[in-house]
Amino acid sequence: MFSPRPFYSPRNGRIVLTRGWWRPEIEVDGYVQSGRYMKLLWRSALKQLEPQFVATEVLMLGLGAGSAIREVHARFAAPRVTALEWDETMIELAGSSRFYPKSMEPVIVFGDAITKLSELESKFELIMIDLFRGNIPEPRLANEETIAALASVLAPTGRIILNAFGDIRLIEALARQLDYMLSWKFRINHLAMYRAFDDNQKFAFAHRARIS
């Protein structure tokens with residue numbers, strides 16, 4: 001095990017990289033952002049998808065250093081992965097820490113993930129949300145405008161998987177505008193899965209909202 005190596009990021013503050021023989025790990029404020037724990041979390045999360053579910057276009061809100069990339073490629077055949085990441089230091093660490101080989105390199109869109117959503121032109125079968133500073137999820141994810149933007153880039157048969165850590169209110173906020181499917185825990189993390197409402201569901205939801 002090599003000595004922990006600190007970095008400073010204007011976005012995340014102090015970032016610590018610990019590199020073992022095969023398992024690099026990156027922490028912010030003492031919480032793992034990339035590493036074995038996050039690999040296992042996303043491996044478990046992708047198993048919650050229906051066995052027949054297929055995704056060719058995958059969107060990640062929050063790249064970190066990319067420890068979930070291999071899990072996406074293990075679950076789907078030749079997926080095209082787009083990652084929104086606003087921390088240049090994390091992007092550099094993703095390139096140098098070797099969480100994934102060059103053949104799996106995603107398209108990285110640099111900038112604030114919330115504002116970049118409106119600039120995306122593709123539709124994604126799978127959207128993975130993992131936006132944190134330490135253990136605090138991005139609060140704007142609960143905004144109606146953000147959830148509407150997520151729905152606008154979700155393919156009709158697509159799925160959204162949210163890592164909310166311990167913020168149950170965030171799971172409930174998305175469930176108010178998306179079709180909530182299920183939620184579960186991975187150790188200390190709370191996760192949930194959603195899909196878009198179909199036209200009949202939208203009508204029923206809107207009617208229920210008017211009469212409630």
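Select aspartate 87 and threonine 89. A polar atom of the aspartate 87 side chain sits 2.8 Å from the backbone nitrogen of threonine 89. Keep in mind that this is a predicted model.

Now show the secondary structure around aspartate 87. Aspartate 87 belongs to the loop between β6 (80–85) and α3 (88–97).

Next, show the surroundings of aspartate 87. Setting aside neighbours within four places in sequence, aspartate 87 is in contact with Ser9, Arg11, Asn12, Ile15 and Phe110. Which side chain of opposite charge is nearest to aspartate 87? Select arginine 11: that side chain is 6.6 Å away. A salt bridge needs a side-chain nitrogen within 4 Å of a carboxyl oxygen. Aspartate 87 has no salt bridge, yet this residue is buried.

Move on to strand β3, residues 24–28. Colour Pro24, Ile26 and Val28: they make up the covered face. Then colour Glu25 and Glu27, on the uncovered face. In a regular strand, side chains alternate between the two faces of the sheet.

Centre on glutamate 27. Valine 16 stands opposite glutamate 27. In β4, the bridge partner of glutamate 27 is valine 32.

Last stop: the hairpin of β3 and β4. There are 2 residues between the strands. Select aspartate 29, which takes a positive phi near 55 degrees in this hairpin.

Note on methods. Residues are numbered from 1 along each chain as its sequence is written. This is a predicted model: local features need pLDDT of at least 70, side-chain atom pairs count only at pLDDT 80 or more; totals for chains, interfaces and linings use all residues. Side-chain values use heavy atoms; hydrogens and water are left out. Helices (H or I, at least four residues) and strands (E, at least two) are DSSP runs, numbered from the N terminus. Buried means under 20% relative accessible area, exposed over 50%, partly exposed in between (1.4 Å probe, protein chains only). Lys and Arg count as positive and Asp and Glu as negative; His and the chain ends are not counted. A polar contact is a pair of N or O atoms within 3.5 Å; within protein, one must be able to donate a hydrogen and the other to accept it, and residues adjacent in sequence count only if both atoms are side-chain atoms. Contact means heavy atoms within 4.5 Å. Two strands pair if DSSP finds at least two bridges between them.
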